[in-house]
Every structure is written in structure tokens, then in C-alpha cells.
Amino acid sequence: MLRVTKLTDYATVVLAALASAPDRVLSAAELAERARLEPPTVAKVLKPLAHAGLVEGFRGAAGGYRLARPATEISLIAIVEAIEGPLGMTECSGEHSSCEHEPHCGVQSHWRRINDVIADALGGITLADMLPPPAARKAIPLHLARAGA
């Protein structure tokens with residue numbers, strides 16, 4: 001099975017919570033409540049998101065986090081790579097391959113092509129695309145909207 005990790009899923013949920021209040025700075029505790037995640041989990045995803053330049057952190061009594069740029073400018077590939085590192089479907093499809101079979105492998109170019117297609121697909125979807133429609137955001141709390149309720 002091919003899927004992103006739970007942390008990447010959680011990072012997307014945390015970013016969606018920030019995107020739902022783009023003019024506010026939200027504390028990690030507020031984000032945990034909005035996303036219905038445990039505070040340590042939220043703290044764990046905020047660090048690489050900040051390192052990747054997707055969120056900005058502010059210190060102090062009124063500190064917290066906000067998106068570093070509009071949700072329309074944050075692609076899913078940026079989120080995935082912030083948490084998981086560069087996309088690589090196989091050892092040889094990433095930038096730095098260390099596969100001993102690479103010199104005589106006949107399928108490497110196909111895996112690279114598949115890797116590129118998936119990267120392009122993730123790059124074509126933004127955080128804004130992942131948000132529920134505006135009417136649904138007002139009517140359904142974020143955690144229920146995410147669960148598909």
C-alpha cells in the first residue's frame with residue numbers, strides 16, 4: 001500500500017486549521033483543539049512545517065503560528081516533503097540513489113517517470129483545494145469536515 005504517514009496527514013489538518021483563520025495567530029493549544037489532535041502531535045508537525053517555511057512562529061504571550069503564505073500558494077507536495085523529505089517512490093526514483101542494482105536495472109526510468117507524475121499531481125493541489133467549501137466550514141467544525149461527516 002502506498003500512502004503518506006499519519007504525521008503528514010496531521011500536518012495537513014493543522015495547516016487547514018491555520019488556513020481557516022488566515023488573519024489570526026493561533027497557539028499550538030488552539031491548533032490542537034481546532035484539529036482535534038493531541039498537543040504533542042501538533043508541536044511535532046509544527047517544527048518541520050516552520051523549517052520548510054510553510055508556517056511562521058511568533059514568541060511571547062500573544063505568540064503562536066500562522067501560515068507563512070496564502071493557502072493557495074502551499075502545494076501538497078510542499079507539505080509532504082516538509083514532513084517526509086523528498087518524494088521517492090523507490091530507492092532509485094529519488095535524487096540520490098544508492099541502489100546497487102541501478103547500473104543494470106531496466107525499470108529505473110519508469111519509476112522516475114511515475115515519481116514525477118505523482119509529484120506533479122501533488123504539486124497541482126493546494127492547501128486551499130483541501131479546505132471544505134466556505135458554507136461547510138461555517139456549518140461543520142473542522143474535525144467533522146475532515147472526517148467526512
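## Basis and terms

Helices (H or I, at least four residues) and strands (E, at least two) are DSSP runs, numbered from the N terminus. The model is predicted, so that local features need pLDDT of at least 70 and side-chain atom pairs count only at pLDDT 80 or more, while totals for chains, interfaces and linings use all residues. Residues are numbered from 1 along each chain as its sequence is written, and side-chain values use heavy atoms, with hydrogens and water left out.

## Overall fold

The protein chain holds 8 helices and 2 strands, which follow one another from the N terminus as α-α-α-β-β-α-α-α-α-α. Of its 149 residues, 30% count as buried, a term that means under 20% relative accessible area, with exposed meaning over 50% and partly exposed in between (1.4 Å probe, protein chains only).

Among contacts (heavy atoms within 4.5 Å) with a separation of 6 or more, 61% join residues 24 or more positions apart.

## T12 in helix 1

T12 belongs to helix 1, residues 6-19, and counts as buried because its relative accessibility is 15%. Beyond its neighbours within four places in sequence, T12 is in contact with I79, L127 and M130. A polar atom of the T12 side chain also lies 3.0 Å from the backbone oxygen of T8.

## I114 in helix 5

I114 is found in helix 5, residues 108-123, and its relative accessibility of 34% is why I114 counts as partly exposed.

Terms used: Polar contact = N/O pair within 3.5 Å; in protein donor to acceptor, adjacent residues only side chain to side chain.
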